[in-house]
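Here are my notes on the model, as numbered points. Please keep the structure open while you read them.

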Amino acid sequence: MIRSGLALVLILVGLAFASEFEPIVDSRMNFEEALGGQIIPDSIQLELRLVTVQYWSFDGHIHEGQILCSRLVVNDVEDLFELLKRTHFPIRSAIPISRWYGSDSASMANDNTSGFAWRTMWGSDTPSWHMKGLAIDFNPRENPAFHHSRRSPPDGTLDPKAPGTLSDNSPVVRLLRSRGWKWGAHWRRVQDWQHMEKQIR
Ligand SMILES: [Zn+2]
């Protein structure tokens, strides 16, 4: 009796210990769900991959999410999220924007980090590198985009010292730049702090 009681206690402690290290799942979609029923040319779809990633979120817990991106940057994305985790750089969530029926503004309002999006550049008709899965937007509320007097998302606040904010010296920007990515923060037309892209033609 004592022995079985002890075994039960050990099992419960083990379960509590395991759940402590189970990531909180923000996104676990299949590929079709990640595309979200949008009409996207086959030539683009064939190039996309759904990458499972883990990260520290702002609640101090490890979360699991997904980045939909081009197969050409899967290695970069995996290495990037390893680095984010190792350096405790917080990511609010990483969920394909099909969660918000493809609405980039809804994804941004939720401070969500995402890759593929079927849309043009903000305030322009120019195709975005997001359309090829070759761009990622990070923590939009901490890293808003500025276009003249407008900002996106509207409640975004830029404080370069706040956790989750990109800067020239942040390991995220340094790693991706070393792999040929460009950061949008210092562009002339839009200062897009959340945006990094890799222009592979
Ligand atoms: Zn972007």
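1. A loop residue to check. His148 sits in the loop between strand E5 (145-147) and E6. Phi of His148 is near 55°, a positive value in a residue other than glycine. His148 counts as exposed because it has 8 C-beta neighbours inside 10 Å. Here a residue is buried if 20 or more other C-beta atoms lie within 10 Å of its own, exposed if 12 or fewer, and partly exposed in between, with C-beta atoms placed from the backbone.

2. Ground rules. This is a predicted model: local features need pLDDT of at least 70, side-chain atom pairs count only at pLDDT 80 or more, and totals for chains, interfaces and linings use all residues. Residues are numbered from 1 along each chain as its sequence is written. Helices (H or I, at least four residues) and strands (E, at least two) are DSSP runs, numbered from the N terminus.

3. Overall content. The protein chain has 6 helices and 9 strands. Buried residues make up 37% of its 201 residues. Take the contacts between residues at least 6 apart in sequence: 57% of them join residues at least 24 apart. Two residues are in contact if their C-beta atoms, placed from the backbone, lie within 7 Å.

4. Most residues other than glycine have a negative phi, and most peptide bonds are trans. Asp111 has a positive phi of about 60° although it is not a glycine. Asp111 lies in the loop between helix H5 (104-109) and strand E4 (135-137). Is Asp111 buried or exposed? It counts as buried, because it has 22 C-beta neighbours inside 10 Å. A cis peptide bond joins Ser152 and Pro153, with omega about 0°. Pro153 is in the loop between strand E6 (150-152) and H6.

5. Three strands form an open sheet in the order E6-E5-E8, and the pairing is antiparallel. Its edge strands are E6 and strand E8 (191-192), each pairing on one side only. Two strands pair if DSSP finds at least two bridges between them. E5 and E6 pair over 3 bridges. His147 has Arg150 in E6 as its bridge partner.

6. The mixed sheet. Another open sheet has 3 strands in the order E1-E3-E2, with mixed pairing. E1 and E2 are its edge strands. Strand E1 (residues 24-25) and E3 run parallel, joined by 2 bridges. Ile24 has His63 in E3 as its bridge partner. E2 and E3 pair in the antiparallel sense over 9 bridges. Thr52 stands opposite Gln66 in E3. E2 and E3 form a hairpin with 5 residues between them, and Gly60 in the turn has a positive phi of about 80°. E3 is mostly covered: 7 of its 9 residues are buried.

7. Helix H4. H4 (residues 74-86) has 13 residues and reaches 18 Å from its first C-alpha to its last. That is close to the 18 Å expected at 1.5 Å a residue, where the expected span is 1.5 Å times one less than the number of residues. Asp76, Val77, Leu80, Phe81 and Leu84 are buried in H4. Seen down the axis, these buried residues fall within an arc of 125°, so they line one face of the helix. The arc is that of the directions from the helix axis to the C-beta atoms. Asn75 and Arg86 are exposed, on the face turned away from the buried side. Just after H4, His88 takes a positive phi of about 55°.

8. What H4 packs on. The buried residues of H4 pack against strand E2 (48-56), strand E3 (62-70) and helix H6 (171-178).

9. The core. A nonpolar core is a set of buried Ala, Val, Leu, Ile, Met, Phe, Trp, Tyr and Cys residues joined through C-beta atoms within 7 Å. Of the 34 residues in the largest one, Ile67, Leu84 and Val172 touch the most other members. Its largest share, 4 residues, comes from H4. Not counting residues up to four places away in sequence, Ile67 touches Val51, Val53, Val77, Ala94, Gly115 and Ile136.
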